[in-house]
Amino acid sequence: MDPLVSVLMPCYNATATLGMALASLRAQTYQNWECVLVDDGSVDRPYELVEQFGDSRIQYVRLDTNKGRSHARNLSTSLAKGDLLAM
């Protein structure tokens with residue numbers, strides 16, 4: 001079996017580019033992946049965009065306040081279940 005790849009995706013007010021990033025991820029030929037998307041207190045509602053994708057491999061976690069890229073990245077790392085990590 002192919003190893004699970006965890007794609008770690010912290011985001012903050014990134015809905016302008018988030019859709020393209022998620023579409024690119026879904027278009028990959030390698031299919032055994034999960035995306036751990038940590039919303040670092042965004043005000044531009046990325047959850048609505050994630051919901052439109054309807055892909056159970058995308059795990060969305062929202063922080064109530066912006067804690068910074070390092071915190072969001074560390075949280076995504078701790079939630080990842082994959083054998084390999086990708087940023």
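Val-7 sits opposite Ala-86, a residue of strand β4. Before going further, please note that this is a predicted model, in which local features need pLDDT of at least 70, side-chain atom pairs count only at pLDDT 80 or more, and totals for chains, interfaces and linings use all residues. Residues are numbered from 1 along each chain as its sequence is written, and side-chain values use heavy atoms, with hydrogens and water left out.

Strands β1 and β4 run parallel and are joined by three bridges. They belong to an open sheet of four strands, ordered β3-β2-β1-β4, with parallel pairing. Because β3 and β4 (84–86) each have a single partner strand, they stand at the edges, and one side of each is left without a neighbour in the sheet. From one strand to the next, the twist averages 20 degrees. Here, strands are DSSP runs of E with at least two residues, helices are runs of H or I with at least four residues, and both are numbered from the N terminus. Two strands pair if DSSP finds at least two bridges between them.

## Helices across the sheet

Helix α1 lies across β1, β2 and β3, and runs at about 165 degrees to β2. Helix α3 (residues 69–79) lies across β1, β2, β3 and β4, at about 145 degrees to β2. These angles run from 0 to 180 degrees between N-to-C directions, with axes fitted as lines to C-alpha atoms, for helices over the stretch in contact.

What about α2? Its buried residues (buried means under 20% relative accessible area, exposed over 50%, partly exposed in between, with a 1.4 Å probe and protein chains only) are Pro-46, Leu-49, Val-50 and Phe-53. They share the same side of α2, because they cover an arc of only 100 degrees around the axis; the arc is that of the directions from the helix axis to the C-beta atoms. These buried residues pack against β1, α1, β2 and β3. Just after α2 comes Gly-54, with a positive phi of about 55 degrees.

## The nonpolar cores

A nonpolar core is a set of buried Ala, Val, Leu, Ile, Met, Phe, Trp, Tyr and Cys residues joined through side-chain atoms within 4.5 Å. The largest has 16 residues, of which Met-9, Leu-18, Leu-22, Cys-35, Leu-37, Val-50 and Ile-58 touch the most other members. Two or more residues come from each of β1 (5–11), α1, β2 (33–39), α2 (46–53) and β3 (58–62). The most, four residues, come from β1.

Leu-18 is in contact (heavy atoms within 4.5 Å) with Met-9, Leu-37, Pro-46, Leu-49 and Val-50, leaving aside neighbours within four places in sequence.

## Two residues to look at

Is Leu-25 buried or exposed? This residue of helix α1 (residues 15–26) counts as buried because its relative accessibility is 11%. Beyond its neighbours within four places in sequence, Leu-25 is in contact with Val-7, Trp-33 and Cys-35.

Ser-42, found in the loop between β2 and α2, counts as buried too, because its relative accessibility is 4%. Its side chain makes a polar contact with the side chain of Asp-39 at 2.7 Å. Such a contact is a pair of N or O atoms within 3.5 Å; within protein, one must be able to donate a hydrogen and the other to accept it, and residues adjacent in sequence count only if both atoms are side-chain atoms. Not counting residues up to four places away in sequence, Ser-42 touches Cys-11, Tyr-12, Asn-13 and Arg-62.
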